[in-house]
Amino acid sequence: MNFEVIFSILNQYKYYFIIGFAILFLVIIFATRSSRKRSLRKQFEGVEIQYNELMSIPILFKINKALGLAKLNPKVDEKVKECKVSFDDLSKSQERIVSLLADTEDALAYGKLKESKNLIEELDELVAYTLEQTTILDSKLETLLEQETQQRYEITQQKERFRKLKLTAQERSSVLGSSMDALDEQVKEIEHLFSAFEEWMYASDFTKAHEVSEDISEQIQLFEDRVNGIPKLYEFAKGLIPQLLEEVSKLFQGVRSKGVYVDHLEVPKNIGVLSEILRDDLIGIGQGEIIKTKESLLNSQKRLEQIAGQIQKEDKAFNEVNDQSVLVFDAIDYLMNEIIKLHEKSSVYEKRFNFEGLEASMAEYRQQIDGYQELRLKIERMIEEEQIPASTILISVNELGQDVTILKNQFETMKQTIDQANSDEVRAEKQLLKLYLIINDVQVRIKKRSLPYISEKFEEDVKTALTYTRNVSSLLKAEMVNVKELNHSVDEAIDYIYKLHNNVNNLVGVVDMCENAIVYANKFRAYVPDIDSELTRAELAFNNGEYTQALSTIINSIDRYKPNTAYEEMIRDNAKSAR
């Protein structure tokens, strides 16, 4: 197909082609405008979303709050004025935005796309700017209204706390008893305070609202204290206090039956008064007066414990009076007897042992014990009359006991000194008698043995011993005994005479052994020459009074004849057989 044919066809159907191209052009134009309109509508909807976000900021409410605050608080007046200016500008911007939104809506509706585009661009800029400025102003107003925000937060917390406490009160209604009416009244009062708070907040009087908030806090705290404390107070008032009243009553009856004087404590009267107070306290708990009632109950507990303590104190004092009085009175009786006996002999002891002032001291002791005896009679009357508290009597008994103890210690010290002096004198007399007997024994034993070579020394020793005994005897016979000198002389006499007695005993023992040895050795004299010569020497030494040498000579000679022999036993036994 050549161009002529094509041109011929086109020329033949040219009107159809022109109509087709015209329709296609119109479709393209319509599609383009529809696409632009949809795009503009979408942009417009985006601007509307920003506008809705702008309008969601409660700027009008906050500026009104700020204006109300400025009236009550001059310190923020300048800042509020600045915010008011900004708010007026924003209000104008919002009016312009509303106008542009309506124009844009109309332009889109009538297909004025170019005009719509310009309006949307202007709207987008204006809304973005207004939203930014509104956010800044909102932040400033939030700062100014921070007190309100804080108070709102606090009151919300208080409401939640109050709600939980009301539920707790309902759950504990069985143990809260008659106090529920008072609690219900307080609930109404707290709810009224919440309403008052909202009214002051609406009026932007944050100071008044704060005062109401503090009242709410105090009332809720009181409500919580009541809900938590009233059950414990009921337990206190219906359990512990009645129990203490009963215990005090039983304790009082018990000591009364023992005879303890407790009338001065006025226990029945106090129990009656405290019982009346307890009834008032129960009424107070029902009215929710927890602070006053708690203090009253604690005071009642303290008073009851004090009364119980005083009763127990009197009971203990009563027992101590009975025990201590016996000890003290026995001590007085003992001292009375001993002092009287010693006082009667005091003049004799004073002269005998040179105890200067003994008689005067005993007279003073006698006067003191007579005074203590009078106090004793007075205390006995106090006990028997039973009209004086045992605690008071116990003080008197203890004071008397202390005085009696001091006197007893002083008297016992003096009596011990006198008894020691008497004991020393008796000891000296007994020892003197023993010494006489020992000297006599020594004389008899020496005389019986007839030992001439020790007679002179013996006579001198015996004379010395007799001198010691005469010295002791003269000290005992003196009208005034020097106890110290007497004890010294007795000790010297004992040392010397006992030593003399031991020496004589040893000498007699050696002589006896020597004689036995000579008798025993005579058995071997005839046929042992050495023993014969040694025995002759021993006999010569024995006759000369050299008894130890004579014994050694005989033992040595026998040892040579019979070595390793138990000499003492052998000599004694063989001497008997030899005789």
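Student: Where is E479 placed?
Tutor: E479 sits in the loop between α14 (455-477) and α15 (483-521). Helices here are DSSP runs of H or I, at least four residues, numbered from the N terminus. This is a predicted model: local features need pLDDT of at least 70, side-chain atom pairs count only at pLDDT 80 or more, and totals for chains, interfaces and linings use all residues. Residues are numbered from 1 along each chain as its sequence is written, and side-chain values use heavy atoms, with hydrogens and water left out.

Student: Is E479 buried or exposed?
Tutor: Exposed, because its relative accessible area is 70%. Exposed means over 50%, buried under 20%, partly exposed in between (1.4 Å probe, protein chains only).

Student: How far apart are E479 and K351?
Tutor: In sequence, 128 residues; in space, 7.6 Å, C-alpha to C-alpha.

Student: New topic. Which helix holds N270?
Tutor: N270 lies in α10, residues 267-286. N270 is buried, because its relative accessibility is 17%.

Student: What is N270 in contact with, beyond four places in sequence?
Tutor: L265, R303 and I307. Contact means heavy atoms within 4.5 Å.

Student: Now α15 and α16. At what angle do the axes cross?
Tutor: Roughly 150 degrees, and the axes come within 11 Å. Axes are lines fitted to C-alpha atoms, for helices over the stretch in contact, with angles from 0 to 180 degrees between N-to-C directions.

Student: Which residues make the contact?
Tutor: From α15, V511, C514, E515, I518 and A521. From α16, I531, L535, E539 and F542.

How values were computed: Helix = DSSP H or I, 4+ residues; strand = E, 2+ residues; numbered from the N terminus.
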